[in-house]
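Trainee: Could you take me through one part of this model, close up? I would like to see how that part connects to its surroundings.

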Amino acid sequence: MARISLSINDRSYDMSCEDGQEEHLQKLAEHIDERVREMAGSVGPVGEPRLLVMASLVITDELHSAYREIHALKEGAEGAGAEGNGEMTSALESCAGRIEALAARFEGV
């Protein structure tokens, strides 16, 4: 197990992770830090635990929306015949773009 120190909202958190996952964990922490700072800027002074919960809810909402869209597309693909393939391809490309954008934000690309 590797040890890493993460900084979120100017506070240090010592964490353990699998060897080789340090950079990935750092990128995730940077994304959380960005969201916490956005929350702090929009809601003003509130306690750190509340900021962390708010940022977590925003991130989870984005992920949940992506999962819902994927599920709907899978159901649509199963029920669509050949005539629905063009629409399905377009919808899947749109969904893939959103997921790639989320992944890029998490990866810091």
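Mentor: Start at the hairpin. E1 and E2 form it, with two residues between the strands. Asn-9 lies in the turn, and its phi is positive, at about 55 degrees. This is a predicted model. The two strands, E1 (residues 2-8) and E2 (residues 11-17), pair in the antiparallel sense. Seven bridges join them. In this pairing, Leu-6 stands opposite Tyr-13 in E2.

E1 has the highest confidence in the protein chain, at a mean of 94. Helix H3 (residues 85-107) has the lowest, at a mean of 74. Over the protein chain, the mean pLDDT is 83. Of its residues, 86% reach 70 or more. Where pLDDT is low, the predicted coordinates should not be read in detail.

The largest nonpolar core holds 10 residues, among them Ala-2, Ile-4, Leu-6, Ile-8 and Cys-17. Ala-29, Val-36, Met-39, Leu-51 and Ala-55 belong to this core too. E1, H1 and helix H2 (48-79) each supply at least two residues of it. E1 gives the most, with four residues.

Look at H1 itself. Its 22 residues should span 32 Å at 1.5 Å a residue. Its end C-alpha atoms are 31 Å apart, which agrees. Gly-44 follows H1, and its phi is positive, near 85 degrees. Within H1, the buried residues are Ala-29, His-31, Asp-33, Arg-35, Val-36 and Met-39.

Arg-35 deserves a stop. It sits in H1 (residues 22-43). With neighbours within four places in sequence left aside, Arg-35 is in contact with Ala-55, Val-58, Ile-59, Glu-62 and Arg-105.

Residues up to four places away in sequence not counted, Met-54 touches Met-39 and Val-43. Met-54 and Met-39 are 15 residues apart along the chain, yet their C-alpha atoms are separated by 7.2 Å. Met-39 is itself one of the core residues.

How values were computed: Residues are numbered from 1 along each chain as its sequence is written. This is a predicted model: local features need pLDDT of at least 70, side-chain atom pairs count only at pLDDT 80 or more; totals for chains, interfaces and linings use all residues. Side-chain values use heavy atoms; hydrogens and water are left out. Contact means heavy atoms within 4.5 Å. Two strands pair if DSSP finds at least two bridges between them. A nonpolar core is a set of buried Ala, Val, Leu, Ile, Met, Phe, Trp, Tyr and Cys residues joined through side-chain atoms within 4.5 Å. Buried means under 20% relative accessible area, exposed over 50%, partly exposed in between (1.4 Å probe, protein chains only). pLDDT is the predictor's confidence in each residue, from 0 to 100. The expected span of a helix is 1.5 Å times one less than its number of residues.
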